[in-house]
Amino acid sequence: MDITLPILILAIPITMFLVLGIGGVKMSHKLAGILGILGMGTTAVLAYIVAFTYFFSGDANFILDGVRQQYQVFDVTWLAFTQTLVVNIGFLLDPISAMMLVVITTISFMVHLYSWGYMEGEPGFQRYYAFLSLFSFSMLGLVVATNIFQMYIFWELVGVSSYLLIGFFYKLPSAVSASKKAFIVTRFADLGFLIGILLLSFYTDTFNFVDMTTNPEGVLASTGGATFMGASVLTWAMVLIFTGGMGKSAMMPLHIWLPDAMEGPTPVSALIHAATMVVAGVYLVARMFPVYCVVDAAMTFICVIGAITAFYAAVVACAQIDIKRILAFSTISQIAFMMVSLGVAYDKPIEGVHYSGLGYMAGMFHLFTHAMFKALLFLGAGALIHAVHSNNYTSMGGLRKYMPITHVTFLIGCLAIAGIWPFAGFFSKDEMLAAMFARHWFWGAWMTMVAGLTAFYMFRMYFLVFWWEENPHYKEHKPHDAPWQMSLPLIFLGAVSIVAGFIPFGELVTWNGEPYHIHIEAPVAATSLVVAVCAIALAAAMYMKKNALPTKVKNMCPALWTAAHRRFYWDEIYMFITHRIIFDIICKGIAWFDRHIIDATMDAFAKITQKTSYAIRGMQSGEIQSYVGWYIAGAVAVAAITWLCLI
Amino acid sequence: MFGNILIWFVVIPVIMMAGLGLCRNSSMNAIRAVMVVCSTVLLGLSIWLCVDFLRLREMGVSDEMLYTGSWMWYAPLNIHLAVGVDGISVLMLLLSSVIVFAGTFASWKISPLPKNFFLWFALLSTGVFGFFISIDIFTMFMFYEVALIPMYLLIGVWGTGRKEYSAMKLTLMLMGGSAFLMLGLLGIYWHSAPEGGQLTWNILEISRNASIAPEWQNMLFCFTFVGFGVLGAMFPFHTWSPDGHACAPTAVSMLHAGVLMKLGGYGCFRIAIYLLPQAANELAWIFIVLTGVSIVYGAFSACVQTDLKYINAYSSVSHCGMVLFAILMLNTTAMTGAILQMLSHGLMTALFFALIGMIYGRTHTRDIRQMGGLMKIMPYLGVCYMIAGFASLGLPGLSGFVAEMTIFFGSFQNADLFHRIFVIAATCSIVITAVYILRVVGKLLLGPVQDEHHLQLTDATWFERLSTVTLILCIAGIGCFPNWINETIQHSFAPIMAAIQSAAL
Amino acid sequence: MDLSMLWYLVPSVVMFACGIYGFVTRKNLIAILISLELMLNSADLNFVVFNRFLFPGSMDGMVFTLFAIAIAAAETAIAIAIIINIYRSIGNTDVTEINKMKF
Amino acid sequence: MDYSQFGSMIPELIVLGIFMLVFLFDTFSNEKGKKILTPLTTILFALGTVAIWIVPASGEMVFGGMYINDTATNALKAILNVGVFIVFLQSSKWVESDEVAIRKGEFYELILVTLFGMYLMVSARHFLLFIIGLESASLPLAALVAFNKKHYESHEAAIKYIMTAVFSSAVLLAGLSFVYAFSGGSLYFDDIAITIGQGGMSGLLIIALAFVLAGIGFKLSLVPFHLWTADVYQGAPTAITSYLSVISKGAAAFAFFVIFVQCFGAVYSDAWEWMLYGVIILTITVGNLFAVRQKNMKRFMAFSSVSQAGYIMLGAMAADGLGLAGMMFYIFVYVVSNLGAFAVISTIEENTGKLDMDDYNGLHKTNPWLSFAMTLAMFSLAGIPPFAGFFSKILIFTSVTGSGSWALYMLVLIALINTIISLYYYLLVVKAMWISSEEPKIGSFSSACSNRVALWLCIAGIVFFGLVPYIYQYCYDAVRDSLAFLLIF
């Protein structure tokens with residue numbers, strides 16, 4: 001295919017960014033908004049065309065006797081480190097990147113549209129759209145990266161756009177610190193990513209994904225069995241690279257930034273911190289999947305981290321008040337879900353049954369559906385906040401009568417994430433669980449439990465917001481549904497969340513390009529459905545009507561509740577390490593050392609000179625006789641010393 | 001002699017001084033006119049040189065140095081005024097002229113004694129340009145010191161704060177460095193030719209003769225590297241940098257951090273490594289330790305500073321440490337990175353100091369605790385500051401990222417554990433950098449306005465915008481299209497690498 | 001008995017030492033001047049003695065001595081003149097009072 | 001005796017001629033005539049200087065080899081003449097002041113006589129002639145130092161000078177008498193060189209060397225023979241101080257080189273290399289350490305000149321043609337730089353009577369040009385490029401390291417580190433003039449024309465003769481061509 005469309009897909013958003021960023025000050029809000037939306041709309045259309053061509057044109061570049069190919073539309077040299085180790089900027093088309101193109105542009109477009117209503121009259125409206133475009137550009141560049149270094153470049157760029165957008169309300173100290181936190185934590189993770197790349201590229205001498213993924217054994221061989229501290233170098237490399245993913249995808253213990261990131265405008269949370277950027281980690285693992293497959297240790301690592309995170313986040317989500325934070329934690333746990341399902345996926349048969357890449361496929365599928373319904377939920381939450389001007393469910397309740405559209409769409413979202421048939425979440429989650437059970441019963445059971453928790457806390461929130469009891473404040477100012485710019489995306493995404501499950505995903509996106517025929521695993525599906533329904537029922541029992549049950553439950557074990565509410569004190573631990581230890585001890589120590597040891601030494605030279613100068617002034621006593629005394633003494637001394645030296 | 005284009009890089013500043021000499025101290029416009037014209041001419045000249053250089057390389061001219069010329073100066077000691085440039089010096093000249101240009105506009109409203117200020121400023125740039133064009137180590141050293149001494153008056157007279165102390169400290173420490181350097185150069189001269197051969201100061205001939213005995217190389221390497229390292233703000237000889245920069249006037253900080261500190265790196269590279277390759281192989285580890293320390297050390301101490309200029313000075317310590325660090329890795333990629341880092345650090349620090357100067361000129365404080373929310377008040381300056389910050393913490397698309405990545409990937413090619421450990425330590429600095437940059441941005445630009453008096457302040461004027469935009473364009477240019485720089489300098493490393501490898505055998 | 005060179009050298013060295021001692025210890029400028037003369041004369045004596053004993057063939061030492069004596073005379077003259085100036089300005093010739101400029 | 005021999009003493013004859021003219025004119029002219037004495041002398045001297053520059057040296061030994069006038073000595077005399085000329089210019093306002101106007105004739109005559117003495121000192125190849133030159137160069141100076149009749153300091157300086165000078169000449173004579181013992185009956189440098197070369201070392205010779213070193217080191221104010229310097233420089237009239245600080249130093253340095261290299265060259269590495277090594281280190285360091293805390297400008301310059309003498313002596317350390325050329329060039333640069341500084345000091349003293357460094361605070365506000373000139377002079381003395389001082393320092397360092405021995409490298413390192421200390425106190429002056437925020441104590445005034453000319457000459461020398469290698473080349477060629485140094489080439 002010709003390279004115009006791909007180039008445009010990247011060019012339009014960055015142009016928008018520059019136009020709105022530089023010229024924005026001169027523009028009216030309306031103009032800026034329209035520009036941004038139009039730009040994103042065109043990008044979306046182009047992306048659809050590209051994805052469609054890739055999947056369905058049947059071009060030999062894209063699908064060769066039933067196997068979907070990886071195709072580099074273009075790949076130009078950007079910076080040559082050495083003759084062989086060259087950084088390219090390119091555009092790689094393969095199932096996941098095509099899928100991601102669709103996801104990103106769709107959500108981004110929806111958010112653009114939504115924000116037009118949501119951010120109405122905010123100061124810095126143009127800036128906001130500029131940043132959105134910058135983010136879309138970076139994210140698109142990330143997913144189409146042909147090599148790991150290009151991915152790292154855009155990885156940093158999405159990081160900074162998220163920094164800018166979280167800190168959009170830069171007059172609020174909380175927003176500022178949240179953005180700082182987000183950037184620094186992810187930056188720290190990226191350090192691991194970078195070192196991983198350094199290691200990997202040193203041995204493979206290439207950055208290119210295709211080269212690496214098409215023969216992972218070659219990669220393994222290139223390290224020549226080098227080991228460091230017991231683990232093979234490749235393991236180190238892959239684990240370190242995954243660390244980068246942990247940062248962006250908010251896996252434990254690097255998850256702390258995501259909840260705070262909710263300080264940003266809600267549409268931003270929907271776009272960046274629910275649908276697209278946070279799944280970059282998953283995408284990274286999927287990108288390097290074949291290589292991970294040859295490193296068992298790394299895969300296990302991913303599984304463990306994912307499982308722990310998923311459970312932790314789910315538990316914490318049950319004890320939050322701020323609805324955006326609840327959604328944030330649910331995002332964390334859902335992403336962890338995907339991680340686990342990637343981790344359990346294997347490219348070799350297990351007990352004869354060929355589960356190859358089921359987990360992979362399912363993970364990608366869930367990534368897709370999750371993007372849709374989580375965006376929906378966030379936008380819905382945005383609508384609620386827009387209506388009641390508060391993030392806490394305590395100031396909501398019984399809103400179903402006032403905001404019907406929001407209510408229905410939100411319910412759809414909740415059902416989808418809870419995995420109720422026929423909503424999108426059901427299918428993807430079912431596949432994931434199937435893969436986990438196939439790997440080992442423990443993973444399946446554990447994650448099923450998490451799925452149950454998910455259903456519970458989602459519906460806890462749903463009931464507390466839309467049922468429970470009406471909030472007295474509604475008297476003076478009556479909440480109402482959002483304007484059309486905001487409702488439209490809700491409806492659209494709601495529709496998608498209903499139907500997305502029926503997409504024959506296995507035909508499109510698999511780890512090796514060969515189609516995979518989805519067949520519902522009846523027992524798995526049954527169990528997960530049952531668990532989900534029970535959870536929902538429990539939630540309904542507790543939160544549908546105002547009653548004392550929740551308080552009772554809370555008081556059964558207040559310590560646990562507080563701990564969960566305070567997210568098990570992770571932030572406090574981090575605060576202690578960063579502020580008390582690194583800042584107060586290391587930084588201040590070094591600064592003190594610099595001033596009082598090094599600098600003082602330099603000054604000491606000057607002082608010594610002065611002191612000596614005063615000490616020896618007696619030599620110049622002004623007395624003729626002492627002068628000649630020195631004179632003759634000097635002459636004799638010179639003679640004597642020379643004499644001594646000679647003999 | 002004047003047929004050689006390089007000479008004009010020295011002649012034009014001299015003309016600049018002459019022109020200033022004719023102006024009256026009161027006639028600000030005349031002074032500005034002279035400065036603007038000459039600095040623009042310099043900029044144009046260096047751009048032209050760059051283009052022409054690339055053209056010649058395209059045509060396959062593969063000499064080590066181009067535009068060479070040599071004129072006998074002190075015949076008895078065979079001292080020449082010898083000039084010539086390779087890709088690296090071309091880029092350095094470009095950098096210097098850009099910063100001189102920007103600095104001129106950054107000091108548009110300098111007072112008192114504008115004439116004398118620009119006189120010394122011009123003398124400083126004479127030294128800088130002369131240093132980069134000369135390939136005769138005597139001439140090089142002369143220009144080096146020419147560039148150093150005006151700092152004293154520039155800081156002392158037009159500076160702020162403890163200016164007298166800082167100016168004296170800076171001058172004396174740098175001169176101390178050059179004392180060691182001088183000794184090293186003398187040693188090189190007296191061993192520059194095999195027994196009975198014609199001694200020479202000319203870099204090319206010295207490297208061709210390669211007649212310096214190993215034990216002498218080791219001593220001379222230490223002398224020269226320390227000598228230049230002082231100017232490169234190498235730990236523990238960096239303490240002139242914070243005080244000096246903090247007290248210097250804007251344009252001087254720009255020129256000093258932007259260009260003068262590059263003399264250190266350039267000199268280490270051109271003299272210490274190139275002329276003494278054997279010692280470089282043997283002793284590099286000592287200085288790798290020192291520079292590795294200064295990278296992390298500078299970054300950490302920047303985290304707790306509250307004076308904008310101190311923060312920047314310490315970050316300069318860290319970044320310039322990275323330059324020397326990369327040079328010591330003794331492989332082409334890392335050295336390319338070092339050059340990139342010199343350019344990038346030069347531009348972005350200049351931008352930083354320019355902005356700090358502009359902010360200080362408005363708020364009359366550099367203490368970040370007394371400022372806040374300036375983004376609302378002076379959006380243009382705020383955005384520029386953010387861009388500079390992002391460049392410094394290595395955001396892709398800006399120059400810092402390219403430089404650091406090249407350094408890391410180059411340094412990582414040395415496969416032994418010692419190098420690995422230090423490379424990874426250096427890599428950690430990108431996080432620390434992010435920490436202190438965001439700290440400043442958060443305190444200074446974002447958040448609520450601290451001091452309601454600041455609300456009346458105005459945004460940048462046209463000349464300030466011009467000065468900053470120039471720098472930002474260069475930063476982004478390097479960041480987005482780095483490869484042409486590689487192409488400019490790729491030939492320049494061949495002889496040096498050859499020397500090192502032959503010495504290693 | 002014949003006097004060897006030592007018989008002359010020892011006294012001259014003693015003269016020299018006395019000269020130095022006198023210079024360093026005496027308070028009166030005139031006395032100091034006299035000790036200076038002692039030193040000069042011891043040097044002259046050396047010349048003569050060396051000439052007489054070592055190089056009887058030539059006259060250089062003798063001639064040198066003559067010139068040295070003349071120079072010594074000139075020095076004394078100027079010194080006396082300045083001492084008079086000092087006496088005029090501070091009323092005595094005590095060397096210990098001549099230390100206004102120091103350090 | 002062949003009187004045509006006098007014909008080869010052109011420089012001496014010129015100076016002597018000028019002296020006679022001035023003397024006669026001063027004696028027989030009436031009050032009106034006295035008025036033109038100053039310009040007359042200056043012009044005559046200028047002509048004489050030009051003559052010495054252009055008239056080629058005869059290059060022959062006369063009076064049985066006692067005296068030589070070769071290119072090297074000629075070059076040095078030319079350099080000294082430039083210095084004296086500048087001194088005349090900058091003092092010409094002072095001599096017209098009521099206090100000294102009546103005695104101005106003596107001033108010129110005495111200076112010319114001392115200059116004559118220095119010529120002899122430089123050209124001497126026999127110790128007798130050398131001593132005569134030395135004394136006739138130093139004794140009249142005592143009179144000059146005492147020139148300010150009204151000032152007590154002048155007398156104190158004079159008595160200190162004369163006493164220590166006589167003492168040192170006594171020591172020198174004693175030393176020479178010992179040398180005589182080794183000389184095989186001749187006091188010709190060449191003969192002594194030979195006999196000492198054969199004789200080898202002995203305790204007596206070492207004492208002799210030490211005493212000679214002390215004797216000449218006194219003129220050069222090498223530590224520890226320098227203690228008279230500060231007091232005399234401070235007390236003497238500024239014109240005399242500047243004369244003392246450059247001219248007699250230059251002559252003495254050259255004589256030192258000739259005597260030690262030509263006469264005692266045989267025992268260089270055995271004995272006096274190490275004596276000089278220690279003395280130079282002491283000189284540079286102690287001079288700097290004392291200069292650091294001086295407030296009185298003349299005293300300050302005195303100590304700075306002490307440390308400069310150490311740098312000059314580095315040339316003798318090298319003990320070869322390169323070293324001598326470097327030394328001569330250094331002397332020239334030192335002459336212009338130091339006289340530049342003194343020109344400013346004396347101008348300010350004459351116009352305002354201020355001499356303290358603190359009085360210079362904020363000088364640039366009232367007298368920008370003077371401050372500018374002073375700054376250049378200070379930079380040049382400190383050895384900052386592109387001013388001449390830098391080149392003279394580097395060239396002399398280069399010549400010292402030539403022999404490639406570790407010890408000499410260390411010596412240069414110490415010297416270099418000392419340049420930093422010296423830079424510190426030179427910058428203190430610059431700081432006072434430019435940086436100090438106090439209100440200027442010195443009002444703005446327009447200095448006399450002659451002073452300006454002197455100042456401009458110095459500035460020209462400072463700025464050009466580093467960048468233009470003419471002078472160095474001149475010295476180098478002179479040294480190379482001179483017969484006397486065949487043995488060290």
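Setting aside residues up to four places away in sequence, Phe373(A) touches Gly413(A), Ala416(A), Ile417(A), Ala424(A), Gly425(A) and Ser497(A), where two residues are in contact if their C-beta atoms, placed from the backbone, lie within 7 Å. The structure is a predicted model, in which local features need pLDDT of at least 70 and side-chain atom pairs count only at pLDDT 80 or more, whereas totals for chains, interfaces and linings use all residues. Residues are numbered from 1 along each chain as its sequence is written, while chains are lettered from A and ligands numbered from 1 in the order in which they are written.

Phe373(A) is part of helix α16 of chain A; helices here are DSSP runs of H or I with at least four residues, strands are runs of E with at least two, and both are numbered from the N terminus. Because 30 C-beta neighbours lie inside 10 Å, Phe373(A) counts as buried, a label given when 20 or more other C-beta atoms lie within 10 Å of a residue's own, with exposed meaning 12 or fewer and partly exposed anything in between, the C-beta atoms being placed from the backbone. The C-alpha atoms of Phe373(A) and Phe423(A) are 9.6 Å apart, although 50 residues separate the two along the chain.

Chain A as a whole has 26 helices and six strands, and its C-alpha trace spans about 115 × 65 × 55 Å along the principal axes. Of the 647 residues in chain A, 55% are buried. Among its contacts between residues at least 6 apart in sequence, 79% join residues at least 24 apart. One helix of chain A that is mostly covered is α11 (residues 266-275), in which ten of the ten residues are buried. The buried residues of α11(A) include Pro267(A), Leu271(A) and His273(A), and the partners against which the buried residues of this helix pack are α3 (95-118), α4 (125-143), α5, α10 (257-260), α15 (323-344) and α16 (358-388) of chain A.

Within chain B, helix α14 (residues 332-363) packs on helix α16 (residues 379-392) at an angle of about 150°, with the axes 9 Å apart; the axes are lines fitted to C-alpha atoms, for helices over the stretch in contact, and angles run from 0 to 180 degrees between N-to-C directions. That angle makes α14(B) roughly antiparallel to α16(B), a description used for angles over 145 degrees, while those under 35 count as roughly parallel, 65 to 115 as roughly perpendicular and the rest as oblique. The residues that form this contact include Met348(B) and Phe352(B) of α14(B) and Cys384(B) and Tyr385(B) of α16(B), and the residues of the contact divide into eleven nonpolar, two polar and no charged.

Among the residues in contact are Ser315(B) and Phe325(B) of α13(B), together with Thr433(B) and Tyr436(B) of α18(B), and the contact divides into six nonpolar, four polar and no charged residues.

Chain B also contains a strand pair, with β1 (residues 66-74) and β2 (residues 79-85) running in the antiparallel sense over six bridges; strands pair if DSSP finds at least two bridges between them. Met72(B) has His80(B) of β2(B) as its bridge partner. The two strands β1(B) and β2(B) form a hairpin with four residues between them, and Asn78(B) in the turn has a positive phi of about 60°.

Definitions and conventions
Ala, Val, Leu, Ile, Met, Phe, Trp, Tyr, Cys and Pro count as nonpolar, Asp, Glu, Lys and Arg as charged, and the others, Gly among them, as polar.
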